[in-house]
Every structure is written in C-alpha cells, then in structure tokens.
Amino acid sequence: MMRSPMPPCMTPRRVAISTRLFEHRSSVLTWVGGRPVLLARVEGKLYAMDAVCAHMGCALLSEAQGHTAVCPAHEARYDVRTGQLLEPPRIKPEIPCEMEALQVPLRTYRVTERDGLLEVDL
Ligand code: FES
C-alpha cells in the first residue's frame, strides 16, 4: 500500500491560474479546494488569504493595494501577508456592528509557483 507523503489537508492544491495574470493586476479572487481565496503578488512575492470578509462575509473582490486587501462593502482592510485586520469596517453610526464577532486574522496559506501555475497549501 502506497502512503501519501503528506496528509490530505496538507496537500498543495494546484490552481489553474497562470502567473502571467499578475502582469496585469495585483490580485485575483479564486476558489481553491472549495474555499474562496485571494491570491496576490506584491513586489514579486505571492500571498494567499481567505477571501471572505470577517465583518459580514462579503467577498474581497477589490484588487489588492500593495499588501492591503479592501472589502468593497464597508472598506475593512486586511494585510494579505498575515490576514490581520488593519482597519475596521466603516459603517454609519446608526447601523449596529457586531465588532466582537469579527473572526480575525483571516487564514493565510503558502502559495508557490510551479511550471507557471500556482499551488496553494490548504
Ligand atoms: S462586509 Fe466587509 S467590511 Fe463589511
């Protein structure tokens, strides 16, 4: 019986996204192993982070600005290197916000390039 060199949860997931994509943009939201993941390249380094905002679950669709991913809904800002919340959501004072419910940092993953495609370790 052959054994896998890594447990299934540590198996890198190959994403069929060419690294050439980053010639035209700094980040992209994609699905990896059933999870929405933001892939970003900043100063030649690759980053992968869960792409669901900790505030109300909106997708982090806006293009990353340097190391910062911005939620388009209420402009919460996250560091793509660590998943840490850099700035909380900007909401109207009359709208209650369950700040204590924020689950940060967002999960981050190792991402590597292989043969021009990206691999993410989930
Ligand atoms: S849902 Fe992202 S900041 Fe509100």
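Strand β6 (residues 77-79) is joined to β7 by two bridges in the antiparallel sense, where two strands pair if DSSP finds at least two bridges between them. Within this region, Y78 has L85 of β7 as its bridge partner. This is a predicted model, in which local features need pLDDT of at least 70, side-chain atom pairs count only at pLDDT 80 or more, and totals for chains, interfaces and linings use all residues. Residues are numbered from 1 along each chain as its sequence is written.

β6 and β7 belong to an open antiparallel sheet of three strands, ordered β5-β6-β7. Its edges are β5 (68-70) and β7 (85-87), each of which pairs on one side only.

The protein contains nine strands and zero helices; helices (H or I, at least four residues) and strands (E, at least two) are DSSP runs, numbered from the N terminus.

Of the 122 residues, 26% count as buried, that is, 20 or more other C-beta atoms, placed from the backbone, lie within 10 Å of the residue's own. The largest nonpolar core has 26 residues, and V37, L38, L39, A48, M49 and V80 have the most contacts inside it. Such a core is a set of buried Ala, Val, Leu, Ile, Met, Phe, Trp, Tyr and Cys residues joined through C-beta atoms within 7 Å. At least two of its residues come from each of β2 (27-32), β3 (35-42), β4 (45-50), β8 (108-114) and β9 (117-121). β3 supplies the largest share, four residues.

Beyond its neighbours within four places in sequence, L38 is in contact (C-beta atoms, placed from the backbone, within 7 Å) with residues including L29, M49, L60 and V80.

Key. A residue is buried if 20 or more other C-beta atoms lie within 10 Å of its own, exposed if 12 or fewer, and partly exposed in between; C-beta atoms are placed from the backbone. Two residues are in contact if their C-beta atoms, placed from the backbone, lie within 7 Å.
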